[in-house]
Amino acid sequence: MARIENAKSIGEWLDQRIAIETLKKVMQTEYWIPKNINFLWAMGMVLAATFGILLVSGIFLLMYYNPSVDLAFDSVNYTIMTEVGYGWMWRHVHGVGASLVFLIIYIHMFTGIYYGSYKKGRELIWISGMLLFVLFSAEAFSGYMLPWGQMSYWAGMVITNLFSGGSLHADAFVEWIRGDYVPAQAFLSRFFMLHVLLMPLLIIGAIVFHFGTLRIPHVNNQDGEDFDYAEAAELYKAGKVKESKVIPFSPVFLSKDVFVMGVYFTLFFFLVFYHFEFAMDPVNFDPANGLNTPTHIYPEWYFLWSYEILRPFSTNVGLIAFAIAQVIFFTLPFLDLSPNVAPANRRGLFHLWFWAMLVDMLVLTFMGKLPPQGIWSTIGLVAAITFFILWISLPIITKLEKKL
Amino acid sequence: MSSRRDFMGMALGGFTALGGIGALMAMKKTWDPLPSVKAAGFTTIDVKDAQENVLVTEKWRGKPIFVLKQSKEMMSKATENDKKRLIQIGDAHYMVCVGLCTHLGCIPGYNAADQSFLCACHGGMYDATADVTKAPPPRGLDIPPFKLDGTKLVLGETGPEYEKMLADGTTLKV
């Protein structure tokens with residue numbers, strides 16, 4: 001057994017048994033973060049905090065939610081909204097949080113793309129991050145089913161129908177997913193289970209993994225500069241804080257994060273208390289009805305870009321395009337053939353590619369919300385094709401890129 | 001097999017894998033539709049009171065079922081292929097199909113004046129026999145399995161008329 005001596009403090013007592021001093025060093029005081037970063041580097045902790053808030057608000061909603069097709073709608077819209085003390089607040093926090101978490105995920109992603117933070121040595125950070133994106137998407141979709149309104153039902157119908165694989169007609173597979181011929185009790189119960197247990201567990205695991213992938217390659221910085229962390233750390237520890245290129249994660253970097261979070265949560269709670277309606281689709285305030293389709297079915301704003309990639313094509317082509325769009329971002333570290341780790345504005349054509357991709361996804365998002373008619377259909381189709389042209393051109397333009 | 005330890009490792013690994021496969025099969029079965037859900041999948045509808053060019057919507061397996069008695073005018077417009085989609089009972093012809101768009105499953109609306117269906121979700125259109133006339137739907141509305149019993153149709157059971165439709169490709173299995 002290790003040498004256990006009489007401890008003089010609780011900290012020492014714990015340290016002798018579970019080495020908390022070492023743990024603190026590895027994860028906080030000697031986890032070095034470069035100084036040359038900006039507020040966009042705070043998005044990770046903003047996301048972690050938002051996830052925490054979703055978890056807490058979810059726990060309180062879970063106390064009164066009733067996952068039965070007869071009672072779900074009323075348990076949300078009547079019990080939670082009107083009877084439960086501050087029930088409305090938990091619901092709006094949960095709804096706004098679910099929407100904003102995607103806004104921050106997209107900012108986080110595009111920050112990574114802009115600064116080349118997915119390159120050699122950091123591929124796993126990118127891949128685990130994309131895995132989190134997929135898991136959050138599944139979490140958001142399963143949660144959207146729970147109020148059992150018209151949009152819940154029909155989104156459930158349309159999205160599960162995607163799994164029939166177009167001409168493959170795998171209807172039995174779709175019925176297996178649903179546990180019934182249409183979304184009904186079995187469907188609601190299993191999506192409830194996914195939303196409150198399985199998906200959150202996987203998300204927590206993936207967050208731990210995502211943090212883990214970051215520890216060895218360290219976070220990128222504004223110039224993509226590769227410097228000697230050990231040397232910079234020695235300088236910092238020797239008291240030459242100004243000369244060193246790094247700061248410890250905690251408490252120094254975290255205090256910066258907390259400032260950004262302060263700004264973010266001001267916006268967050270402004271939305272929760274004054275503009276929660278943006279996260280509440282009016283169509284979903286009609287109870288689910290399998291014999292009446294809403295005139296216009298659309299997903300929440302964060303899925304619109306991929307929905308618009310599905311929509312302008314015939315069934316099979318649309319499905320294949322949609323499937324590729326869902327996973328194509330995973331391949332970014334391998335399609336970008338340039339060795340340069342630098343912000344996009346120093347990378348020639350890639351700079352153009354970055355903004356073209358961002359604008360294209362915004363266009364897809366807006367078109368996905370509009371009815372598929374006339375000029376909107378055409379713009380949507382062009383934007384969807386542009387999306388694929390951009391991905392095909394990525395290896396070519398990065399191959400031609402001059403080494404910095 | 002270089003050592004006893006390797007052998008024991010392989011044996012343990014093998015049995016663990018078998019157990020894992022068994023567990024996966026159990027999980028798959030747990031997700032299957034329940035027998036009670038399957039058993040509730042039969043509905044009998046009577047078409048004797050249906051009126052020409054008036055759409056009747058019934059419910060089978062939670063899905064809307066469209067029944068449309070064809071008028072003389074509709075029959076004269078229908079092609080040979082369209083007629084294969086219809087169910088003949090006595091002298092009357094009926095279109096009976098699952099009222100879910102074959103694109104992504106929205107419910108098309110019927111316009112009696114035009115004698116056509118329009119799906120508002122993505123703009124697909126169907127004629128009075130529910131055959132597709134405008135993309136994106138890849139095919140006409142699916143015909144549910146049925147068995148004739150006088151003027152009644154038992155949906156969910158398979159009769160010879162339905163088997164013929166399946167065999168000649170008029171409809172896909174729903």
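**Chain B of a predicted model: figure legends**

Buried residues make up 34% of the 174 residues in chain B. The structure shown is a predicted model, with an ipTM of 0.74 and a pTM of 0.88.

**View 1. Overall form of chain B.** Five helices and eleven strands are assigned in chain B. The chain is more spread out than a compact globule, because its radius of gyration is 23 Å, well over the 16 Å that the globule rule gives for 174 residues. The C-alpha trace of chain B spans about 85 × 35 × 25 Å along its principal axes. Of the contacts in chain B with a separation of 6 or more, 48% are between residues 24 or more positions apart.

**View 2. The four-stranded sheet of chain B.** Four strands of chain B form an open sheet in the order β2-β3-β5-β4, with antiparallel pairing. At its edges lie β2 (55–60) and β4 (87–89) of chain B, each of which pairs on one side only. From one strand to the next, the twist averages 30°.

**View 3. Pairing of β4(B) with β5(B).** Strand β5 (residues 92–98) of chain B runs antiparallel to β4(B), and three bridges join the two. Y94(B), in β5(B), is the bridge partner of I87(B). In general, strands of a sheet pair through backbone hydrogen bonds.

**View 4. Confidence along chain B.** Chain B has a mean pLDDT of 86, and 99% of its residues reach 70 or more. Confidence in chain B is highest in helix α1 (residues 4–31), at a mean of 92, and lowest in helix α4 (residues 80–84), at 79.

Conventions
Residues numbered from 1 in each chain as written. Chains lettered and ligands numbered in written order. Predicted model: local features only at pLDDT ≥ 70, side-chain atom pairs only at ≥ 80, totals over all residues. pLDDT = per-residue confidence, 0-100. Pairing = 2+ DSSP bridges. Axes fitted to C-alpha atoms, helices over the stretch in contact; angles between N-to-C directions. Rg over C-alpha atoms; globule rule 2.2 N^0.38 Å. Buried ≥ 20, exposed ≤ 12 C-beta atoms within 10 Å, placed from the backbone. Contact = placed C-beta atoms within 7 Å.
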